[in-house]
Amino acid sequence: MPNTWIALIPAYQPTSLILELLYEVRKNGFQAVVVNDGSSKNTAALFQKAEQYAMVLTHPENRGKGCALKTGLAYIQKHYVSDYVVVTMDADGQHQISDAVKVCRAAEQHPDRLILGSRGLKEDVPIRSRFGNSVTRFAYRLSTGLKVHDTQTGLRAFSSCLVREFVEIPGERYEYEMNVLLECPRKGIPIKEIEIETIYLYNNASSHFHTLKDSYRIYKEIFKFSASSFVSFLVDYALYSLLLLATATLGSTVSLAVSNILARVVSASINYTLNRKLVFQSKNSVVKSILQYFLLSAAILVGNTLVLGFLADTMGINRYAAKLCTEILFFVVSWLIQKCFIFRGREEK
């Protein structure tokens, strides 16, 4: 192997399958780091045996899969020199060692990318796994504009140059893995999928993913990308409506233009602040991003006003309904440009 390959395995209440996995990992030339994420005393003997094959790190209490992964990554970052590849694997035997080799080779060929082991998800897949992945895949594409087939795969490989980036990504439990996928486009890290075998032991009974609780953690992270725009829209629409009443004596055309422009300026300022500080948490140059953002806002303002005037004055559509239609159109335009250009690049260090 040109690089050192390290299997990082978070484990909570594992069965004897973890020992079979570690044996295969070691047999195929991998080094292994296992993180015992606060498992019960009943598993102590398993982890003791695991020390024959791997470095075992321990959380005194259960802190979640995200914390376990970041504990392992921090250890690897501290104790290994560069030029290594990390592959994350589940402890329940759902990943084949041949697939781990496959994604590691892909990570060596593409050291700047996150490699996902993508399951086919076609046959013999538990309903909750198929449904959960379909919904998450759709929401992820809406939020980022990227198509990822298997958003919930735990088999992921990446080179040493990306470890620092992934250690700093927030999230403690299952939402961490989704946060990684959400952060990669913003940080300019490409994602590449490699097809792997689909294995669900005992109908995926060993999974510690709690459908409602952990789905909430995942989806709240996705929808925060949309919440900022929605809040700004509410401010814009409310201020627009108030200004229409306040400027009614100026005449329909002037009142419409003044109300729309003033409402847009205020809502755009709020939207920029929310996007920069809360949504994208960008550390790029304020001057550069604010210039790009307000150039976009100016262009959208012109287009917004023209389209609104066309719908309300030329087409004769109710002014309030025309505003709604116009906002939906330019919401999509604004969102795509912000995601793909203004806040897409890596943070400046």
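User: What's the relative accessible area of Lys 323?

Analyst: This is a predicted model, and in it Lys 323 comes out at a relative accessible area of 0%, so it is buried. The cut-off for buried is under 20%.

User: Which residue does Lys 323 form a salt bridge with?

Analyst: Glu 327, with the closest N and O atoms 2.9 Å apart. Both sit in helix H11 (residues 319-342), and because they are four residues apart there, about one helical turn separates them.

User: And Glu 327, buried or exposed?

Analyst: Buried, since its relative accessible area is 8%.

User: What lies 7.2 Å from Asp 236, C-alpha to C-alpha?

Analyst: That's Val 266, which is 30 residues away from Asp 236 in sequence. Val 266 belongs to helix H9 (residues 252-279). With 36% relative accessibility, Val 266 is classed as partly exposed. Setting aside neighbours within four places in sequence, Val 266 contacts Val 235 and Leu 239.

User: Back to salt bridges. How many are there?

Analyst: The count is eight. One of them pairs Glu 177 with Lys 65, where the closest N and O atoms are 3.2 Å apart. That pair connects distant parts of the chain, with Glu 177 in helix H7 and Lys 65 in helix H3, 112 residues apart. Glu 177 and Lys 65 are both buried.

User: What about Glu 165, which partner does it have?

Analyst: Glu 165 forms a salt bridge with Lys 187, at 3.3 Å between the closest N and O atoms. Glu 165 is in helix H6 (residues 163-167) and Lys 187 is in the loop between H7 and S7, so this bridge ties together parts 22 residues apart in sequence. Here too, Glu 165 and Lys 187 are buried.

User: Which buried charges have no salt bridge?

Analyst: Lys 70 is one of them: it is buried without a salt bridge, and the nearest side chain of opposite charge, Glu 172, is 6.8 Å away. The cut-off for a salt bridge is within 4 Å. Asp 92 is another buried residue without one, and there the nearest opposite charge is on Lys 65, 8.1 Å away.

User: Where does Lys 70 sit, and what does it touch?

Analyst: Lys 70 is in helix H3 (residues 65-79). Not counting residues up to four places away in sequence, Lys 70 touches Phe 166, Val 167, Ile 169, Pro 170, Gly 171 and Tyr 176.

User: And where is Asp 92?

Analyst: Asp 92 is in the loop that runs between strand S4 (84-88) and helix H4 (97-109). The side chain of Asp 92 does make a polar contact of 2.9 Å with the side chain of Gln 94.

User: New topic, the sheet. What's the strand order?

Analyst: Seven strands make an open sheet with mixed pairing, in the order S3-S2-S1-S4-S6-S5-S7. Strand S3 (55-59) and strand S7 (191-196) are at the edges with a single partner strand each, so one side of each has no neighbour in the sheet. From one strand to the next, the twist averages 20°.

User: What packs on it around S5, S6 and S7?

Analyst: Helix H7 (residues 175-186) touches S5, S6 and S7, and its direction makes about 125° with that of S5.

User: Which way do the S6 side chains point?

Analyst: Arg 156 and Phe 158 point one way, Ala 157 and Ser 159 the other, and all are buried. In a regular strand, side chains alternate between the two faces of the sheet.

How values were computed. Residues numbered from 1 in each chain as written. Predicted model: local features only at pLDDT ≥ 70, side-chain atom pairs only at ≥ 80, totals over all residues. Heavy atoms only, no water. Helix = DSSP H or I, 4+ residues; strand = E, 2+ residues; numbered from the N terminus. Buried < 20%, exposed > 50% of the residue type's maximum accessible area, 1.4 Å probe, protein only. Lys, Arg positive; Asp, Glu negative; His and termini not counted. Polar contact = N/O pair within 3.5 Å; in protein donor to acceptor, adjacent residues only side chain to side chain. Pairing = 2+ DSSP bridges. Axes fitted to C-alpha atoms, helices over the stretch in contact; angles between N-to-C directions. Contact = heavy atoms within 4.5 Å.
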